[in-house]
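Here is a short briefing on one protein model. Keep the structure open as you read, and find each part as it comes up.

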Amino acid sequence: MSEVNIPKRKEKCENCTKQCNKKKSDDGADSHQERDEVNGQVHEGSQLLLSACLSCDGCLSEEESLKVSQQSLEEVERVLALNKKCDTSKHKVLVASVCPQSLPFFAVKFGLDINEAAHKLCGFLKSLGVQYVFDTTLAAGFSILESQKEFIQRFRRRHHDSHALPMFTSSCPGWIRYSERVLGSLVTPHICTARSPQQIMGCLVKDYFSKQQKLSPGNVYHVLVAPCFDKKLEAVREEFYNGLLEARDVDCVLTSGEIYYLMEQRKVSVEELDSVPLDHVLGEAGDAALVRHEGRGSDGFLEHVFKHAAKELFGLDVHEITYKTLRNRDFQEVTLERDGETLLQFAAVYGFRNIQTLVHRMRKGRVPYQLVEVLSCPGGCLSGRGQAESDAGGRVDKDLVQQMEEAYSSLPVRLPEVNPTLHTLYQDWLQGQDSPQANMLLHTEYRSQIHTQPPHMQW
């Protein structure tokens, strides 16, 4: 196996480092100027002058730092070690959920097709002591269906609700953190309330699956394998912690690179690993066939919502979507027209610089889109820094990303609307698609946190 570079923490982005250096040098004039350009306003009376960055080490409070420090290989190994001791009261049932965007990384590193790589990864995780290994595509299906439904509701109330549109997708924790901590009420009311696939998977494991296995959620240790470091921050959000059960929906997020690093540490070769099929959440026997949703390396929210809205709102069947590239490959738009009239206009905006452009336009009231799929990583989820960095570190390995894109696109597309497992779970787990249970477990709320920053945090 080829080596992979695993940074301990995510490196600060260029804008954040530049801003921090300006503050350290007390270059007040330039610093104020840049803040005005990025944020459109300066928040007075605060030691924190929010600037153009997502999350980095300096953005974490002490409490968050402690929680994120527990999202580590060492913590997982500690739980595995406790399972080998005689005191069974401290034993945990380990469940691992793997994001579909992580699987192409292992396919490329293992030199195998994506299905066989998934089986080898499952074999490795089970050799460590993980009892169940799932694919999170099912959870992404829930998130897509709920996002589709919410978009239709927002579109229909757009004339009397100024916050209804545009709707921003909510699956990217880097984007969510930036929205809450920097942009605030300009953006947060527009964010889709559907939980991300990660957190829906957490509910599925800790609520539904644990009950099926007659386990207390506190006795299940849920590890999620993801391409992105920011997923660790998402897992420790307060709303995803159950105080009564003293359990998080996702106990630990490990990046694809961290799992691969663990394989290297243990000197495990791909050839010696057993090929083990992934498990089914419903407990059926047999291999869980891997599928993907539409989109070029992420969960395809834009494409799914666009096609659904075209049919639901205008009675039009859209089979192929044509992207129009604007500033670059990571800023594209899609338009639905009929008889020369524009009916829908969506955009995909990836990467922080493009997000800044989007925010500038929104402040000036020049956002023509009804929905924007926003991802903080240039190139989307496959390019997450937890798996796509070059061995030299700091830069994305473009050859690796291209190979991952090819592996990901080899999976067959399956619409969540026709997934019978989703329909079964809506009834058996959630008591229906529009039930209070579905709303509680599949949705959350995002609020401005600009005025609640700890005074030592550096933005």
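Start with helix H11: its buried residues are Ser256, Gly257, Glu258, Ile259, Tyr260, Leu262 and Met263. That is 7 of the 10 residues of H11 (residues 256-265), so the helix is largely enclosed by the rest of the structure. Bear in mind that this is a predicted model.

**Around helix H11**

- What covers the buried residues of H11? The cover includes the helices H4, H5, H6 and H10 (230-235), along with the strands E4 and E7.
- Lys267 follows H11. Its phi is positive, near 55 degrees.

**The parallel sheet**

- Strands of a sheet pair through backbone hydrogen bonds, either parallel or antiparallel.
- Here, 4 strands form an open sheet, and the pairing is parallel. Their order is E2-E1-E4-E7.
- Strand E2 (132-135) and strand E7 (252-255) stand at the edges. Each has a single partner strand, so one side of each is left without a neighbour in the sheet.
- Neighbouring strands of this sheet are turned by 25 degrees against each other on average, direction ignored.
- Strand E4 (residues 220-226) pairs with E7 over 4 bridges, in the parallel sense. In one of these strands, E7, Val253 is the bridge partner of Leu224.
- Helix H4 (residues 73-82) packs on the sheet. H4 touches strand E1 (93-98), E4 and E7. The direction of H4 makes about 145 degrees with that of E4.

- Ala226 lies in strand E4.
- Is Ala226 buried or exposed? Its relative accessible area is 0%, and buried means under 20%, so Ala226 is buried.
- Ala226 and Ser102 are 124 residues apart in sequence. In space they are 5.8 Å apart, C-alpha to C-alpha.
- Leaving out residues up to four places away in sequence, Ala226 touches Cys99, Ser102, Lys231, Val253, Leu254, Thr255 and Ser256.

**Helices H5 and H6**

- Helix H5 (residues 103-110) packs with helix H6 (residues 114-128) at an angle of about 95 degrees. Their axes are 8 Å apart.
- Angles of 65 to 115 degrees count as roughly perpendicular, so H5 is roughly perpendicular to H6.
- On the H5 side, the contact is made by Leu103, Pro104, Phe106, Ala107 and Phe110. On the H6 side, Ile114, Ala117, Ala118, Lys120 and Leu121 take part.
- By class, this contact has 9 nonpolar, no polar and 1 charged residues.

**More on helix H6**

- How far should the 15 residues of H6 span? At 1.5 Å a residue, they should span 21 Å. The end C-alpha atoms are 21 Å apart, which agrees.
- H6 is mostly covered, with 11 of its 15 residues buried. Among them are His119, Cys122, Gly123, Phe124, Leu125 and Leu128.
- The buried residues of H6 pack against H4, E1, H5, E2, H11 and helix H14 (398-409).

**The mixed sheet**

- An open sheet of 5 strands has mixed pairing. Its order is E3-E11-E10-E9-E8.
- Which strands stand at its edges? They are E3 (167-168) and E8 (324-328). Each has a single partner strand, so one side of each is left without a neighbour in the sheet.
- E3 and strand E11 (residues 371-375) run parallel, joined by 2 bridges. Met167 stands opposite Leu371 in E11.

Definitions and conventions. Residues are numbered from 1 along each chain as its sequence is written. This is a predicted model: local features need pLDDT of at least 70, side-chain atom pairs count only at pLDDT 80 or more; totals for chains, interfaces and linings use all residues. Side-chain values use heavy atoms; hydrogens and water are left out. Two strands pair if DSSP finds at least two bridges between them. Axes are lines fitted to C-alpha atoms, for helices over the stretch in contact, and angles run from 0 to 180 degrees between N-to-C directions. Contact means heavy atoms within 4.5 Å. Angles under 35 degrees count as roughly parallel, over 145 as roughly antiparallel, 65 to 115 as roughly perpendicular and the rest as oblique. Ala, Val, Leu, Ile, Met, Phe, Trp, Tyr, Cys and Pro count as nonpolar, Asp, Glu, Lys and Arg as charged, and the others, Gly among them, as polar. Buried means under 20% relative accessible area, exposed over 50%, partly exposed in between (1.4 Å probe, protein chains only). The expected span of a helix is 1.5 Å times one less than its number of residues.
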